[in-house]
Amino acid sequence: MLLQRTAFVTGAAQGLGKAFSEALLEKGARVCLTDIQTQKGLLLESELQKKYGKDKCMFMQCDVSSATNLRKSFNAAVSQFGHIDLVVNNAGIGDESNMEKMININLMGAIAGSALGVEHMRKDKGGKGGVVINVASTAGLIPVYLIPSYCATKFGLVGYHRSCASNPHLKEMGVQFGCLCPAFTDTDILKDVLKVEYPEEVKGIIQQVGINPVERVVQGFLQLVESPNCNGDIVTVSAQDGIQYQKKGSNKWSSHL
Ligand SMILES: NC(=O)c1ccc[n+]([C@@H]2O[C@H](COP(=O)([O-])OP(=O)(O)OC[C@H]3O[C@@H](n4cnc5c(N)ncnc54)[C@H](O)[C@@H]3O)[C@@H](O)[C@H]2O)c1
């Protein structure tokens, strides 16, 4: 099925953001890839433009921890594509030694990206409607004593998602909020997670729960994006339990959206 969306994806130069962007392009969407890593982002832009067409994707340097920088990149994406109707707040780090930076990227960056998306997309203020996907983590649902600050950012993001999704005015805004919560996944961020005080204990947990292949997380992401009504949904993806869904307002998890 063709996905007629125009997406703004943060942290898209590598890892999950790159994989989400490629999956969206593969489905026919247009994507503005953004990342703090300019060189990597530009290389990816050139590779993806060759594969999908110049008009289908662009790269913008963007540091999500700077509200000014984020707004500038978002506005540039709107100018280039005409509009955005899918915002994917994916950029994140796992650096327990730098709490402030991590809060600014993982939480503040995602909140600022969500707010920009809503401001632009809301139908009651002239926008075309759309979806905001926040990439949190299972560490935003289950406490992990080894990475408490990372957990705080992701619990915060899940709380933000749930609060935004319960806004009764969302219907007239034509905006939906979905949340993706992967468990350990095979990307570079895992190296950061091992730089904690008890790395052997982290390794033990990883061994116990396993590591998701990136493709499985992409599958969960696409199911959320392609759902006609994902508002308030949380999708978890883990090596142990696969893809699980929690619908808005429900405490139950199921294997169907
Ligand atoms: N891989 C996992 O095990 C896992 C599990 C749960 C959730 N997540 C979440 O998935 C998201 C993507 O992470 P990943 O696994 O692909 O890791 P990754 O390290 O491969 O990718 C993260 C990307 O974010 C970018 N980034 C970092 N700081 C930035 C900033 N200030 N502004 C813009 N971009 C910035 C990096 O340059 C990088 O491209 C993160 O939010 C992460 O917390 C990952």
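Colleague: What classes of residue make up the lining of the second largest pocket?

Modeller: In this predicted model, that lining has six polar, four nonpolar and four charged residues.

Colleague: How many residues line the second largest pocket, and which are the closest to its centre?

Modeller: The lining holds 14 residues, and the closest to the centre are Leu170, Lys171, Gln176, Asn229 and Asn231. Helix 6 (170–173) and strand 6 (175–182) each contribute at least two lining residues. The space in the pocket comes to about 230 Å³.

Colleague: Why is cysteine 62 called buried?

Modeller: Its relative accessible area is 3%, and buried means under 20%, so cysteine 62 qualifies.

Colleague: Where does cysteine 62 lie, and which residues does it touch?

Modeller: Cysteine 62 is in the loop between strand 3 (57–61) and helix 3. Leaving out residues up to four places away in sequence, cysteine 62 touches Thr34, Asp35, Ile36, Asn69, Leu70 and Ser73. From asparagine 229, 167 residues away along the chain, its C-alpha atom is separated by 29 Å.

Colleague: At what angle do helix 3 and helix 4 pack, and what is the hand of the crossing?

Modeller: Helix 3 (residues 67–81) and helix 4 (residues 99–121) pack at about 35°, their axes 10 Å apart. The crossing is right-handed.

How values were computed. Residues numbered from 1 in each chain as written. Predicted model: local features only at pLDDT ≥ 70, side-chain atom pairs only at ≥ 80, totals over all residues. Heavy atoms only, no water. Axes fitted to C-alpha atoms, helices over the stretch in contact; angles between N-to-C directions. Helix = DSSP H or I, 4+ residues; strand = E, 2+ residues; numbered from the N terminus. Left-handed = near helix turned anticlockwise from the far one by under 90°. 1 Å grid on protein atoms, 1.4 Å probe; cavity = no way out; pocket = protein on both sides within 12 Å on 5 of 7 lines; lining within 4 Å. Points joined across faces, edges and corners; volume = space filled by probe spheres on them. Nonpolar A, V, L, I, M, F, W, Y, C, P; charged D, E, K, R; others polar. Buried < 20%, exposed > 50% of the residue type's maximum accessible area, 1.4 Å probe, protein only. Contact = heavy atoms within 4.5 Å.
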